[in-house]
Amino acid sequence: MSAVKKTALTVLSASLLPALTALPAHAAAADNKQPKPPVSMSTVGGTQLGQPGTQVQLGAGSPILPKELSARSWIVADAESGDVLAAHNSHWRLPPASTMKMLFADTVLPKLPKTLVYKVKDTDLAGIGEGSSLVGIKERHTYTVHDMWLGVFLKSGNDAVHVLAELNGGMEKTVRDMQAHAEELQALDTTVVSPDGYDAKGQVSSAYDLTLIARSGMQKKDFREYCSTASAIFPGEKKGKKRESFEIQNTNRLLTGAPDIEPYKGMAGVKNGNTTHAGATFTGVAQRGDKVLLVTVMNPSAEEGHAVYKEAARLLDWGFEASGKVTPVGELVPPKSAETGRDAPSAKGKGGKGDKAAAKDAATQLAVTDDGSTGVGTALAITGGALVVLAAGVFLVNRRWPLPALARRRPRR
């Protein structure tokens, strides 16, 4: 090779090197056949979040993002401050699968007493999509609302969703209620068509929105209990005078584990999903020390088993290590009512409770112990150590919408 050609090649390589090293670690492995995100997306939470591709601002000593990330969209955020630590196409509107059930629960759960007993009608189970996940609800059998919520969260039962939706006034009303609640949360990428998340034309959400919804759900004690329950006893067939029952397990593999995946330390929920059009989706919340992170992963293309959980775990590992070492690229916005001060829990004179009242509520919730009524019981932290409880608290002065103040309970023996 001539000296002139060698010189030209050296210059070309030097000019390309910065561009190549600036790409996300996983970009080189991206499949060109995969759909591309929109050039322009929502900027709720910050302008950077509306840009396609990976958004991260590494600081001194911060770890690089994991290489093994293939999801079309993902986000890692601080659950309390709302800081978005990193994101990838986080406002891309994609089919959500059963993670849509988080919005269903956050909307409907407060309206129905958990002790309510209901006898299922044949019409309640009409219209359930072919191939839907089911918990095993039977027509003309009775269930408590508590039973059915266990079916929603643990087995992602579309049958349980349909019955609860009927109790809420019907499927159409429930869709309207969910859409209104999404708008209140500023989850503006979300369009609800089916409350159970079954594939439906036009039904979409985003990693950003699902994270907002999970954050809202975790404010509610019952929501926290259901999404963190590892296993439970569910009513079965009636045989003679005694009703049989059977055990159901949570399908969130970062909570319960699987042959090729370990339970994630500090995992406390929230919901997984999988359909033909959505692929695998997952939103999770986990705690290490005094740090609580939320992660959402949508439709990984990797062929490894349980890819959605493994990529979520990698992002959580990165987030716990990177927290405090990266500049946030956006934030999880508060609900509209929190921004305006309406019904804020700590707002005296505006329909909310004062700080002392909120603190009393928190103490009351922490005093509640598991009674074994859900079978194995609630596992907010399934590894050894203290059981993490996300209890009621007050708003921060920065007007962001945090998770309730953290507290610990004695570990189970």
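Predicted model: local features only at pLDDT ≥ 70, side-chain atom pairs only at ≥ 80, totals over all residues.
**Backbone and packing notes**

Biologist: Which loop holds Ser 156?
Modeller: The loop between α3 and α4, with α4 covering 158–167. Ser 156 is not a glycine, yet its phi is positive. Most residues other than glycine have a negative phi.

Biologist: Is Ser 156 buried or exposed?
Modeller: Buried. Its relative accessible area is 7%, and the cut-off for buried is under 20%.

Biologist: And α3 itself, how many of its residues are buried?
Modeller: 10 of 11, so the helix at residues 145–155 is mostly covered. The buried residues include Trp 149, Phe 153, His 146 and Asp 147.

Biologist: Back to phi. What about Gln 186?
Modeller: Gln 186 also has a positive phi, about 65°, and is not a glycine. Gln 186 sits in the loop between α5 (171–184) and α6.

Biologist: Buried or exposed, that Gln 186?
Modeller: Buried, at a relative accessible area of 13%. That is under the 20% cut-off.

Biologist: Let's go to α6. How do the axes of α2 and α6 cross?
Modeller: At roughly 35°, and the axes come within 9 Å. Helix α2 covers residues 100–108, and α6 covers 207–217.

Biologist: Left-handed or right-handed crossing for α2 and α6?
Modeller: Left-handed.

Biologist: Which residues meet there, α2 against α6?
Modeller: From α2, Met 102, Leu 103 and Asp 106. From α6, Leu 210, Ile 213, Ala 214, Ser 216 and Gly 217. By class, the contact of α2 with α6 has five nonpolar residues, two polar and one charged.

Biologist: New topic, α9. How far apart are its end C-alpha atoms?
Modeller: 22 Å. The helix has 16 residues, 307–322, and at 1.5 Å a residue it should span 22 Å, so the two values agree.

Biologist: Why call α9 largely enclosed?
Modeller: Because 13 of its 16 residues are buried, α9 is largely enclosed by the rest of the structure.

Biologist: What follows α9?
Modeller: Gly 324, with a positive phi near 85°.

Biologist: Now strands. How do β7 and β8 run, parallel or antiparallel?
Modeller: Antiparallel, joined by seven bridges. Strand β7 is residues 229–239 and β8 is residues 242–249.

Biologist: What stands opposite Ile 233?
Modeller: Glu 247, in β8.

Biologist: How many residues lie between the strands of that β7 and β8 hairpin?
Modeller: Two. In the hairpin, Gly 240 takes a positive phi near 70°.

Biologist: Which residues does the cis peptide bond join?
Modeller: Gly 269 and Val 270, with omega about 10°. Val 270 lies in strand β9, residues 267–275. Most peptide bonds are trans.

Biologist: Last, the whole chain. How many helices and strands?
Modeller: 11 helices and 16 strands in the protein chain. Of its 413 residues, 52% count as buried.

Biologist: What about contacts between residues at least 6 apart in sequence?
Modeller: Of those contacts, 66% join residues at least 24 apart.

Technical notes:
Residues numbered from 1 in each chain as written. Heavy atoms only, no water. Axes fitted to C-alpha atoms, helices over the stretch in contact; angles between N-to-C directions. Helix = DSSP H or I, 4+ residues; strand = E, 2+ residues; numbered from the N terminus. Left-handed = near helix turned anticlockwise from the far one by under 90°. Contact = heavy atoms within 4.5 Å. Nonpolar A, V, L, I, M, F, W, Y, C, P; charged D, E, K, R; others polar. Expected span 1.5 Å × (residues − 1). Buried < 20%, exposed > 50% of the residue type's maximum accessible area, 1.4 Å probe, protein only. Pairing = 2+ DSSP bridges.
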